[in-house]
Amino acid sequence: MPAREYVSSVGDMGSETPTKLPCIHFSNLDKHTNKLEWDSTKSQVHQALQEFGCFEATFHNIPPELQKSMFESLQLLFDLPLQTKLKNRSSKPFHGYVGQYPMVPLYESMGIEDAPVPEKTESFTKMLWPEGNPKFCETIQEFSEKLSKFDQMVRMMVLESLGLEKYMDEHMDSTNYLLRVMKYKGPETNESKLGLNSHTDKNIVTILHQNQVNGLEVQTKSGDWIKIQPSPDSFIVMIGDSLYAWTNGRLHSPYHRVMMSGEKARYSFGLFSIPKAGYVIRAPIEVVDEQHPLLFKPFDHVEFLQFYYTEDGQRAQSALKTYCGV
């Protein structure tokens, strides 16, 4: 059975024992051929998402050369002129180019909608490189496709662990993917500087991967901050508000932020499974009972996202509760 390990991390400075984030190993899991190992991993996933809302994951489906090519592609992308990057526009908040923000001057990001779909990645590539860039296009699409399969495996485990298998097809068919690529400039000081504000993700599941410049921090339920220091080939899997609401609070959606120090730039990317526009997020009746009363009214994710970026949404302690809390 896969062992449950822990990554090195630093919690609250006053704590005698730092809080640690679970690390779960995924290796050629198939519930049909090795149910014992599948069930063991599923149990670890459920426990980690209840307690932390995230975990570190290792799996061997992505070769080192593809990881290397991915980060080379990110550097190439962010080295483009600003006017070229500004072509990455979207009507959906936070789906296109984001940068030049005085509050987070170190942060810059771009979004590729439906990145696992070859035609979508090709269209994005041609927008930035009219003459074409086959290697960039193939790298982005292949990496996104592999991560989308991993996302589906994690969500399958979540639904099984909650006894919600009958909703599997509906749940899987209700999402699209967004690949968000990010660059955080080094602040050129050893003092920690804000790279990205504390927030919860608004989507279903986020899978993050970074180069070896750390900065991601996750807040525990007790309020301590864990400094995440993943291994070079591991990924951080995190729950967003939409899955938190759909499971009626059975899983935890953690606050997280990026704090930067030193001179090196941090490159990272996240594959986000996102509810399709028009799909109503509604907690199944199986997760609502006397001990777990309904937390949120049904809502459309895109409309919630639009509220989140209003003045009221940004000011709210919990945008989700303010928007649709019972």
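Guide: Gladly! Let us begin with "contact", which means heavy atoms within 4.5 Å. This is a predicted model, in which local features need pLDDT of at least 70 and side-chain atom pairs count only at pLDDT 80 or more, while totals for chains, interfaces and linings use all residues. Residues are numbered from 1 along each chain as its sequence is written, and side-chain values use heavy atoms, with hydrogens and water left out.

Visitor: Which residues does Phe-55 touch?

Guide: Not counting residues up to four places away in sequence, its partners include Leu-21, Phe-26, Val-45, Val-154 and Phe-235.

Visitor: What makes a group of residues a nonpolar core?

Guide: The members are buried Ala, Val, Leu, Ile, Met, Phe, Trp, Tyr and Cys residues joined through side-chain atoms within 4.5 Å. The largest such core has 68 residues, and Phe-55 is among those with the most contacts inside it. Helix α5 (residues 134-161) gives the most to this core, with nine residues; helices are DSSP runs of H or I, at least four residues, numbered from the N terminus.

Visitor: Why is Ser-148 called buried?

Guide: Buried means under 20% relative accessible area with a 1.4 Å probe, protein chains only. Ser-148 has 6%, so Ser-148 is buried. This residue lies in helix α5, and its contacts beyond four places in sequence are Pro-116, Tyr-177 and Leu-271.

Visitor: How confident is the predictor, going by the mean pLDDT?

Guide: On this per-residue confidence scale from 0 to 100, the mean is 91. Over residues 1-16, however, the pLDDT is below 50. Where pLDDT is low, the predicted coordinates should not be read in detail.

Note on methods: Buried < 20%, exposed > 50% of the residue type's maximum accessible area, 1.4 Å probe, protein only. Helix = DSSP H or I, 4+ residues; strand = E, 2+ residues; numbered from the N terminus.
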